[in-house]
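Here are my notes on the model, point by point. Please read them with the structure open.

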Amino acid sequence: MSCCAAGTEGALEIERAGHALPSADEMKMSSREVGPGLYQVDLSVPAVHCGTCIVAVESALKALPEVERARVNLSTKRVSIVWRQTVDGVETDPVQLAWAIASTGYDTHLFTAAEEASDALRNQLIRAVAVSGFAATNIMLLSVSVWSGADASTRDLFHWISGLIAAPALIYAGRFFYQSAWSAIKHGRTNMDVPIAIGITLSYFASIWETIHHGEHAYFDATASLLFFLLIGRTLDHLMRDRARSAISGLARLSPRGAMVVGPDGSRDYRPVEDIRVGDHVAIAAGDRIPVDGLVIAGETDLDMSIVNGESAPVAIRSGAAVQAGTLSLTGSLTIEATATAQNSFLSEIIHLMEAAEGGRARYRRIADRAARYYSPAVHFLAISAFVTWGLYDGDWKHAMMVAIAVLIITCPCALGLAVPVVQVVAAGRLFKAGIMVKDGSAMERLAEIDMVAFDKTGTLTLGRPRLVDRNRIEPGVFAVAAGLAAHSRHPLSQALWSAYGGQPLGFASVREVPGSGVEAHSSSGLYRLGNRRFACGDAAEQDAANLYSEVVLSLNGAEIGTFHFEDMLRPRAEAAIHSLKASGLTLGILSGDRAPVVARLANQIGIERWRAELSPREKAEACAFAADNAHRLLMVGDGINDAPALAAAHVSMAPATAADVGRQAADFVFMRDGLDAVPFAIEASRRAGRLIRENFVLAIGYNVIAVPIALLGYATPLIASIAMSTSSLIVVANALRLNRLTMKAELAAVGDTLVKARISAPDERLAA
């Protein structure tokens, strides 16, 4: 049978089984060429949630001869497949790829970066936690009376009531484990949910059996408690992964849905951005984002290129200039000739960089997931061995069943599953009180491991707010004229000049803004111009490349009469924070898209020896990847859209609250206050959290080392097993809560004596509180 025929037959079989697969044409159109005869397609696999899922999907794909490589990204629920166009002279049918995934029991469809993660699963998990928590609480209350020595009739009544409460909780809250376990078993594999499903089911029906036969012990409380603790861990994990996916969705939203394409005859046709082809002429109005990469063929504007270089100052653009997708036209209209499709544009490249980095970062989760793969068969083996051994030993198969159930319950990975999430939640709350938001569940563990810190310049080490630096040397009359012109411009430097003046400026009857250049006005004295040097003084005039400041020039009839220099304001307590980080042994550097003289001046001012300037987003991401390749763990602190790939590629990342939306979404931490001391404070808090996580692992593993032999020897009933399992979980939670015992004095001491002194001399709002 040909590959194509097999794919068609497989697709029909899947459709009959209730799966809807993309067609061959859809798969081919969604694939992009990545090499000679090689194509990549991205498929969404919403149901993957653990390491076993990853192995199942990747193994099924890698078994196909047409698949060069396949990688599942757990954060984005996406699998990237690189496939060959032909195999042994036979053209590949890409539906085979979707069929291979569906054959493992996972639904799949085409992945789009713009698709937003649904909140439905999150809401379902929260409701399931509430239902199981309600059931566990009420059954425990009823069990107290039974344990206190209730008579037989009261005991039986309470058992029946407990069974009625546990039944809907088992069905509604336990469906996540049952669905996952059934899907695995149906396709001939196992996962962590299989022993969990078996354990809660056997404990419930064994309790029903005991209740029918007036037994003294029933284990409904064990069933509900198991569900409650397991669902807490799964809900926390889902919330953290959902936050990680939001960065890519936010970046995709920067691309417009469509654009106005100008035909050869001057006609205008609004098309979806996906339909724009190389060579098309696209009209861009003021206030619009550029939809695709292109060359300007008509018009002038000030272009917000923060997505490219991270700088807040717009760049003057005119005919012949190259523009990138995602940049924003501020003051004028343009017509561009497309040089790339949306799929191959600059913005798409940044998205792919972030997705690739996100996938690489998943290796920190895969360590735990790989261990989880051995958990299920090991528990099955222990439970079956206990059942057979005890049955043969004393011939009491009912007792053997109770021992097997106890083994299944006592080995449930509640404590192990909560070891990391509970510390993350407690530490996140502690950081929140200090004005720092944690956005990724594994971020604190990674932050505690860093040995290098790299900062962006504008908006990170500085506040991204231009400030006039030489106002005392400016003649009042010249300042008044400049302020009068600046009041009519939306350019950030003009606005900073207007704000710095503060008085009554000179009024003009009519002011014209020239996009990409500046503003001009006629008066009785002549023609005043305020803007860049070439606009104000003529095309021959150019700004000195070694100038350390941004400048605005005022001219009268082409002659310079005033120059205004601007610099960015240093972020509060930046020097003290840098000193503290250096004192703790960390290597520091600056990765900036700004001009080299400006970066060098700032690096010298705050005491950072290593810096790189004029970097593109790709070069920043490559610098982070280079650090990782050389066994360094790098913290990237940045704020711009252009920093998003670097934030995603770094070992861990941080952004200020003033950062662009995409920068905040891509970062693992966001600090809400202006002071840079949030960086050393977060590092210290994360190191403490890391110690608690390691302690929790020791406690959880130690529990299993002690509890499992006791259950195997028959000394633990299912009820005792449930209590032991719950107790281990409570111990882990209590250990995590120790993080809240940190006092403000201890927190301040953690960031270094220099920083403490700086804060005492200039107390911030946290000290005031």
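1. At what angle do helix H20 and helix H25 pack, and how far apart are their axes? The model is predicted. In it, H20 (residues 574-583) packs with H25 (residues 678-712) at an angle of about 35 degrees. The axes are 8 Å apart.

2. Which residues make that contact? H20 brings Ala577, Ser580 and Leu581. H25 brings Val679, Pro680 and Ile683. By class, the contact of H20 with H25 has 5 nonpolar residues, 1 polar residue and no charged ones.

3. Arginine 573 lies in the loop between S24 and H20. Its phi is near 60 degrees, a positive value in a residue other than glycine.

4. Asparagine 557 lies in the loop between strand S23 (550-556) and S24. Phi of asparagine 557 is near 55 degrees, again positive in a residue other than glycine. Is asparagine 557 buried or exposed? Asparagine 557 has a relative accessible area of 53%, so it counts as exposed.

5. Next, aromatic pairs. The structure holds 8 of them. One is phenylalanine 479 with phenylalanine 564, at 6.0 Å centre to centre and 45 degrees between the planes. That pair is tilted. It links distant parts of the chain, 85 residues apart. Phenylalanine 479 is in helix H17 (residues 476-486), and phenylalanine 564 is in strand S24 (residues 559-570). Phenylalanine 479 is buried, at 5% relative accessible area. Phenylalanine 564 is buried too, at 1%.

6. Why is the pair of phenylalanine 508 and tyrosine 528 called edge-to-face? The planes of their rings stand at 70 degrees, so the pair takes that name. The ring centres are 5.9 Å apart. This pair also links distant parts of the chain, 20 residues apart. Phenylalanine 508 sits in the loop between helix H18 (492-501) and strand S20 (512-514), while tyrosine 528 belongs to strand S22 (residues 526-531). Both phenylalanine 508 and tyrosine 528 are buried.

7. Two further ring items. Tyr204, Phe205 and Phe220 form one aromatic cluster. The charged end of arginine 175 sits over the ring of tyrosine 172, 4.4 Å from the ring centre.

8. How many salt bridges are there? The count comes to 18. Arginine 533 and glutamate 560 form one of them, with the closest N and O atoms 2.7 Å apart. The pair links distant parts of the chain: arginine 533 is in helix H19 (residues 533-537), glutamate 560 is in strand S24, and they are 27 residues apart. Glutamate 560 is partly exposed, at 40% relative accessibility.

9. Arginine 601 and glutamate 567 meet at 3.0 Å, N to O. Arginine 601 is in helix H21 (residues 596-606), glutamate 567 is in strand S24, and 34 residues separate these distant parts of the chain. Arginine 601 is partly exposed, with a relative accessible area of 28%. Glutamate 567 is buried, at 16%.

10. Salt bridges that share partners also join Asp269, Arg271 and Asp280 into one network.

11. Last, arginine 155 and aspartate 156. Their salt bridge has its closest N and O atoms 3.8 Å apart. Arginine 155 counts as buried because its relative accessibility is 13%. Aspartate 156 is buried as well, at 12%.

Note on methods. Residues are numbered from 1 along each chain as its sequence is written. This is a predicted model: local features need pLDDT of at least 70, side-chain atom pairs count only at pLDDT 80 or more; totals for chains, interfaces and linings use all residues. Side-chain values use heavy atoms; hydrogens and water are left out. Rings of Phe, Tyr and Trp (its six-membered ring) pair if their centres lie within 6.5 Å; planes under 30 degrees apart count as stacked, over 60 as edge-to-face and the rest as tilted. Helices (H or I, at least four residues) and strands (E, at least two) are DSSP runs, numbered from the N terminus. Buried means under 20% relative accessible area, exposed over 50%, partly exposed in between (1.4 Å probe, protein chains only). A charge sits over a ring if NZ of Lys or CZ of Arg is within 6 Å of the ring centre and within 35 degrees of the ring normal. Axes are lines fitted to C-alpha atoms, for helices over the stretch in contact, and angles run from 0 to 180 degrees between N-to-C directions. Contact means heavy atoms within 4.5 Å. Ala, Val, Leu, Ile, Met, Phe, Trp, Tyr, Cys and Pro count as nonpolar, Asp, Glu, Lys and Arg as charged, and the others, Gly among them, as polar. A salt bridge is a side-chain nitrogen of Lys or Arg within 4 Å of a carboxyl oxygen of Asp or Glu.
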